[in-house]
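Subject: Structure handover

Hello,

Here is the structure you asked to look over. My notes come after it.

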Amino acid sequence: GVSKSSHRTGMTVEDLKQAFLDNLFYDQGKFPALATQHDYYMALAYAVRDRLLQRWNQTAATYTAEGSRTVAYFSAEFLMGPQLGKNLTSLGIYDRVRDAIASLDLDLDALLDEEPEPGLGNGGLGRLAACYLDSLATLEIPALGYGIRYEFGIFQQDLQDGWQVEKTDKWLRLGNPWEIKRPEWGVEVKFGGHTDSYLDQDGCYRVRWVPEQTVMGIPYDTPLLGYQTATANTLRLWTAEAPESFNFESFNSGDYLGAVYEKMISENISKVLYPNDDSAQGKRLRLTQQYFFVSCSLRDMLRILIGQELPLEKFHEKFAVQLNDTHPAIAVAELMRLLLDEHHLNWESAWSITQRTFAYTNHTLLPEALERWPIDLFGQLLPRHLDVIYEINHRFIDEVRIKFPGDEARLARLSLIDESGERYIRMAHLACVGSHTINGVAALHTELLKQDVLQDFYAMYPHKFQNKTNGVTPRRFMVLSNAKLTNLITEKIGDQWVKHLDQLQQLEAFADDPDFQNTWREIKLSCKRDLAVFIQQQTGIVVDPHSMFDILIKRFHEYKRQHLDVLHIITLYNRIKANPDIDITPRTFIFGGKAAPGYWMAKLIIKLINSVADVVNRDPDVRGRLKVVFMKNFNVKLAQRLYPAADLSEQISTAGKEASGTGNMKFALNGALTIGTLDGANVEIREQVGAENFFLFGLTTEQVYKMRAEGYCPQDYYQANPELRLALDRIASGFFSHGDTEVFKPLLDGLMNHDPYFLLADYQSYIDCQKEVGLAFKDTARWTRMSILNTARTGTFSSDRAIQEYCDDIWNIQPVKVAQPD
Ligand code: 26Q
C-alpha cells in the first residue's frame with residue numbers, strides 16, 4: 001500500500017505547514033528569501049495534490065475491482081475555474097490551511113489569487129460541464145470527463161479606448177500542478193487519405209481506411225474530488241503530439257525541416273480553443289479537434305473495457321456517453337467505425353451498441369448555431385466516416401419512409417445530409433439518430449426543441465426526448481465564493497444543505513424575522529464592500545456599496561441584449577439631465593463578458609457600454625446616483641466575486657432564444673432578485689420563487705413568433721415613444737462618442753430597420769419594470785424578504801438535482817462507495 005508518512009497525507013495545521021515548506025524546497029527549489037508568491041502557490045498546490053492522490057488512487061482501484069458502470073462526459077469545453085480553493089473546500093481543510101499559511105506570515109487569499117484561470121471553455125456550456133463533474137464526484141458516481149487540453153484557452157480580454165482587444169491566454173506558462181501526464185496511455189489518431197475495399201481471409205467484403213496522417217493523443221489527468229467524500233474522479237484531456245515516425249518520406253529523404261514542419265502542424269490540433277459560442281463556421285481545424293478528442297477518448301474506453309476482460313458487446317453496459325452538444329457528435333460515426341473495421345462486428349450489432357451508448361444534450365435554439373460540415377471538407381478529413389454516415393442515413397431514411405410513406409419533403413428535412421444547396425452533414429441529425437435520448441436544458445427549451453428546432457425528430461422518436469433543466473454547483477458558487485452567506489445559512493439550518501440544496505427551503509421561516517433580515521442585509525453589504533474595493537483597484541472607479549448593484553455578466557451576443565440595459569441607463573441619465581431633482585434609486589451598473597473576436601456587433605456593444613460609462617461617471621449632475629462599470633476579462637474567478645455582491649440579476653434575452661442560462665441560477669442562490677423575460681430557465685426560477693419575488697417583463701415566445709410572422713416594424717416604436725427616441729438619438733448625436741456620429745451607426749441602423757431581437761418592442765416594458773425594481777429596493781424590509789426567498793426557493797437549481805435526474809432517467813447508473821482514507 002501507500003506509505004502514510006504524514007508530510008504527504010497529514011491534515012493537522014502543523015502537518016500542512018511542514019508539507020508546504022517541504023514542497024517549496026524540493027519541488028520549487030526555493031527558500032523563502034527567493035520565493036515568489038507564485039512559488040508559494042505552487043508549494044501549497046502540491047501539498048494539496050498529495051492529499052488528493054490517496055483518494056484518487058483508491059477511487060481508481062475501487063472502480064477497477066468492481067468493474068463499475070461509468071459515465072463518460074464528452075465535451076469540447078470544460079471551464080473548471082481555479083482548483084486550489086475548490087480542493088481545500090472538498091477536503092474540509094480550508095481553515096486549517098489558512099492558519100498554516102498565516103503562521104508563516106503569508107496570506108491565503110493572495111496565494112489563491114496566483115492560480116491562473118484554466119479557461120478551457122467559452123461560457124455556459126463549458127461551465128455546465130464543470131458543475132456536472134463536481135456533482136458526479138459528490139454523488140459518488142463513477143465518471144470521466146473527456147476533452148481537449150488546449151494550450152491556449154479563451155483569450156484574455158483587454159480594453160483599449162473602450163474596445164475589446166484579445167490577448168493570448170498562456171495559462172500553462174508557469175506550469176499546472178493539478179495535472180499528471182500519462183504518456184503510457186497515448187493513442188494514435190489518423191486523418192485524411194482514402195478508403196478501399198478488400199476481401200479478408202474468410203472471403204468477407206471489408207472496407208479499409210488508408211489514412212494519410214497520424215498524430216498521437218497524450219492524456220493529462222486531473223483529479224476531481226467530491227465534496228467531503230473519498231470519491232475522486234478524473235478529467236482526462238488530450239494533447240496532440242507528433243508521433244516519432246511522423247513522416248517517413250521526409251525523414252528518409254533527409255528533409256529534416258519538412259518533418260519538423262509537419263510536427264508543428266500536428267501539434268496545432270490542441271493549440272487553441274475556438275472563441276465562438278454561436279456561429280458554426282465550418283473550419284477544418286475545428287472538425288479536426290472534435291475528431292481528435294473523440295477518437296482518443298473512445299479508444300481509451302476500449303482499452304479500459306478490454307483491460308477489465310469485458311467483451312465489446314458490453315461497451316454500452318460499461319459506459320454511458322453524454323454528448324455535450326454536437327461538438328463530439330462525430331463519436332457516433334467513430335464508434336461505428338471502430339466496431340466495424342477494427343473489431344469486425346456486423347452492422348446490426350455495432351449500431352445497437354452505438355445507439356445504446358450515446359445520449360445527446362442540445363444547448364441552442366439559434367438555427368445559425370447548428371453545426372454543419374461541408375461534405376467535401378468532411379470527406380477529405382474523414383473519408384471512412386463519410387461512408388459510415390451515408391450508410392446510417394440510408395437506413396434511417398428507410399425507417400422514416402416506413403413511418404411516413406410518400407412524405408418526400410420530410411425525408412429531405414430529416415436527412416443527415418443537407419442538400420438544399422452546397423451539401424453539408426448535419427451534426428445534430430447524426431446525434432439524434434445515434435443516441436437513445438435527446439435532452440434540452442430547460443423546460444421551455446425542451447418544448448421549443450420538440451415543437452420547432454427538432455420537431456421532425458420528435459415526430460419520429462417522441463420517446464427519445466427529455467428535459468433536464470440545468471443546475472449549478474453550490475460548492476463553488478456559494479460555499480467557496482460566499483463564505484459569509486454560507487456561515488449564516490449553516491448557523492440557521494445546519495450544514496446538510498451543501499449536499500441537499502432543497503433544504504434551503506428551511507430559510508423561509510426566517511424571511512420576516514427582523515434580526516435575520518438585518519444579518520442577511522449586512523452580509524450582502526459586506527460582499528458589496530469587498531467588490532467595491534476590487535472595482536476601485538481594477539478600474540479606478542469609486543462605487544457606493546449602498547447603491548443597488550445591478551449586474552449583467554455573460555458572453556456578448558445580440559440576443560442577450562446587453563444594449564437593452566444600456567438603453568435603460570441612458571433613459572435614467574436623460575431623466576436626471578431633464579429634471580435634476582428627480583428621485584431615482586442610486587444604481588451601480590456592472591457589466592462583464594467577452595465578445596467572439598469576429599463578432600463586430602458584439603464588440604460595438606462593448607464599446608457603447610464603455611462610452612456611456614465615460615460620460616455618465618464623469619457627469620457631476622448624476623453623481624451619487626448612476627455609475628457604470630465594465631469589468632474586463634470576465635471569467636470564473638471574477639464571477640465568484642460578482643455573484644455574492646449582486647442585488648439585481650439581469651436576464652433579459654429575447655424570449656425563445658436563451659436555451660437555459662446558468663448565471664441566472666447563481667445570482668438567485670446568492671440572494672439577488674432577477675429582472676427577466678420568460679426565457680430559458682428564468683421561467684422555472686420565477687415559478688420557484690413566486691411571481692411576486694421576480695421582476696418579469698417583455699414579450700413571450702409566442703408573441704415574438706407572432707410579431708415576426710405578422711411583420712415587425714421597429715420604426716413604429718421609435719416614432720411613438722419619446723423617451724426611447726431620446727435615448728437612441730443621444731447615441732446617434734455623438735454625445736457619447738466625442739461628437740462622432742458614425743461609430744454607433746451600424747448598431748442604430750440595425751435596431752431601427754430590423755431589430756431581430758425586439759429591443760424596441762420590449763423597451764417600455766423593461767423601463768416600467770425597472771421602475772418597480774427601483775421602488776422595491778427602497779423598501780429595505782421588502783427587498784430583504786424577497787432576497788431571502790430567492791435563496792430559500794432556488795435549491796432545485798443545484799447541479800446535484802440535475803445529475804441525479806441524468807443518472808435515473810438517461811444513464812441508469814448508481815453510486816459506488818469509495819472507502820474513506822484513515
Ligand atoms: C461551435 C462550432 C465551432 C466553434 C465553436 C462552436 C461553439 C462553441 C461553444 C458553439 C457553441 C458553444 C457554446 C454554447 C453555449 O455555451 N450555450 C449555452 O449553454 C448553456 C448551458 O446549457 C445554456 O445555459 C445557455 O443558454 C446556452 O447559450
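This is a predicted model: local features need pLDDT of at least 70, side-chain atom pairs count only at pLDDT 80 or more; totals for chains, interfaces and linings use all residues.

Overall, the protein has 34 helices and 25 strands. Its radius of gyration is 27 Å, while the globule rule gives 28 Å for 822 residues; the two values are close, so the protein is as compact as a globular protein of that length. Along the principal axes, the C-alpha atoms fill a box of roughly 90 × 75 × 55 Å. Of the 822 residues, 49% are buried. As for contacts between residues at least 6 apart in sequence, 76% of them link residues that are at least 24 apart.

The protein is divided into domain 1 (1–66 + 90–115), domain 2 (67–82 + 117–470 + 805–811) and domain 3 (505–703 + 767–797). Between the C-alpha centres of domain 2 and domain 3 there are 36 Å. Where these two touch, domain 2 supplies 37 residues and domain 3 supplies 26 residues. On the domain 2 side, the elements giving two or more residues are helix 7, strand 5 (156–160), strand 6 (163–167) and helix 18 (443–453). That side consists of 15 nonpolar, 16 polar and six charged residues.

Next, the ligand. Domain 2 and domain 3 each contribute at least three residues to the shell around the ligand. Helix 7 (residues 124–138) has the largest share of this shell, with three residues; helix 7 is also among the elements on the side of domain 2 that touches domain 3. There are 21 residues around the ligand, and those that come nearest are Gly124, Leu125, Asp277, Ala659 and Ser660. By class, the shell has seven nonpolar, ten polar and four charged residues.

Last, the lysine. An unreviewed UniProt entry carries the annotation "modified residue: N6-(pyridoxal phosphate)lysine", and the annotation covers Lys666. In the model, Lys666 is part of helix 26 (residues 663–669).

Regards

Note on methods
Residues are numbered from 1 along each chain as its sequence is written. UniProt positions are given in the numbering used here, feature names are shortened, and annotations may be inferred rather than shown by experiment. Helices (H or I, at least four residues) and strands (E, at least two) are DSSP runs, numbered from the N terminus. A residue is near a molecule or strand if its C-beta atom, placed from the backbone, lies within 6 Å of it. Ala, Val, Leu, Ile, Met, Phe, Trp, Tyr, Cys and Pro count as nonpolar, Asp, Glu, Lys and Arg as charged, and the others, Gly among them, as polar. Domain bounds come from an automatic or database domain assignment. Two residues are in contact if their C-beta atoms, placed from the backbone, lie within 7 Å. The radius of gyration is taken over C-alpha atoms; the globule rule is 2.2 Å times the number of residues to the power 0.38. A residue is buried if 20 or more other C-beta atoms lie within 10 Å of its own, exposed if 12 or fewer, and partly exposed in between; C-beta atoms are placed from the backbone.
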